[in-house]
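Subject: Structure handover

Hello,

Here is the structure I said I would pass on.

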Amino acid sequence: IILFALWRADFFEVAAFQGGTSLRILHGMNRFSEDIDFILREPNPEFQWQPHLDKIAETCEEFGIAPEVLDKQRMDSNVQAALVKDTSIANQLNLRFYDQSPGQKLTIKLEIDANPPAGSDFEYTYLSFPVDYEVCHQDLSSNFSLKMHALLCRPYLKGRDWYDFNWYIAQGISPKIELLQHALVQWGPWEGQDVKVDCAWLVDTLRDKMTSIDWRDAAADVERFLKPIEQKSLSLWSERFYLHKLERLNELLGGK
């Protein structure tokens, strides 16, 4: 319903859907996620959520949903801590269904990167609930590039990143190297450096990352986002398992 409301507000003329929720809704990835991520198609430091939030509120009310909008400053401290990039603009929607469990709320975080790195490609998908509408979104290779950036640069372990990595590999998707390079020099340990990203650099850097991770902690982070049928496979998560996945990525990138 929120995506439909944003389409009604012409939001997808300037922005694109991306991240884990887009993979679930548009591409059938099995894991659940906590928020809805977007990226501006062109950088715009003057971007404002408010006009689009007004349309979300109007549309939600048509479906018997009462939204309460909290801006970034009023969010829970844990949510604020997750907003690592200073250029991200976020709002949190607390949704309450009329006449149903009045004391309970469903919280959805909306976040948009207002200063995206150059190099993304975009596609369009048509959805049919609640009625026919169109969503602009990053293509899978671009989405994978920014997920790869998160894997390499996020200052804390997030098992969901590594679940998504597996998913991309299983789909035969390779990241866009140019986009990844732009993202790496914009934010993270390589910020401002003249890093030259190619297949060999990426594979070597990922190998170093994989050998430093506590894979039990990574599996524990993602477990609650998976259906029971998938949870047993988390017992496979280990350095050996991910180095095997890395070999497949190397093949996808055309490495030797």
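This is a predicted model: local features need pLDDT of at least 70, side-chain atom pairs count only at pLDDT 80 or more; totals for chains, interfaces and linings use all residues.

Residues are numbered from 1 along each chain as its sequence is written, and side-chain values use heavy atoms, with hydrogens and water left out.

Helix H7

Helices (H or I, at least four residues) and strands (E, at least two) are DSSP runs, numbered from the N terminus. Helix H7 spans residues 177-186, and its buried residues are Leu179, Leu180, Ala183 and Leu184. These residues lie on the same side of H7, because they cover an arc of only 135 degrees around the axis; the arc is that of the directions from the helix axis to the C-beta atoms. Buried means under 20% relative accessible area, exposed over 50%, and partly exposed in between (1.4 Å probe, protein chains only). The cover over the buried residues of H7 includes strand S7 (133-138), helix H5 (140-153) and helix H8 (199-210), where contact means heavy atoms within 4.5 Å. After H7 comes Gly188, with a positive phi near 120 degrees.

Aromatic rings

The whole structure holds 23 aromatic pairs. Rings of Phe, Tyr and Trp (its six-membered ring) pair if their centres lie within 6.5 Å; planes under 30 degrees apart count as stacked, over 60 as edge-to-face and the rest as tilted.

One of the pairs is Phe11 with Phe38, edge-to-face at 5.0 Å centre to centre and 85 degrees between the planes. Phe11 is in the loop between helix H1 (2-8) and strand S1 (15-18), and Phe38 is in strand S2 (residues 35-40), 27 residues apart. Phe11 is buried at 0% relative accessibility, and Phe38 is buried at 1%.

Trp162 and Trp215 also pair edge-to-face, at 5.2 Å centre to centre and 80 degrees between the planes. Trp162 lies in helix H6 (residues 159-170) and Trp215 in helix H9 (residues 215-223), so this pair ties together parts 53 residues apart in sequence. Trp162 is buried at 2% relative accessible area, as is Trp215 at 6%. One aromatic cluster includes Trp162 and Trp215, with Phe144 and Trp237 also among its members.

Cysteines

How many disulfides are there? The count is zero, a disulfide being a pair of cysteine sulfur atoms within 2.5 Å. Cys60 is buried, with 1% relative accessible area, and Cys199 is buried, with 18%.

Regards
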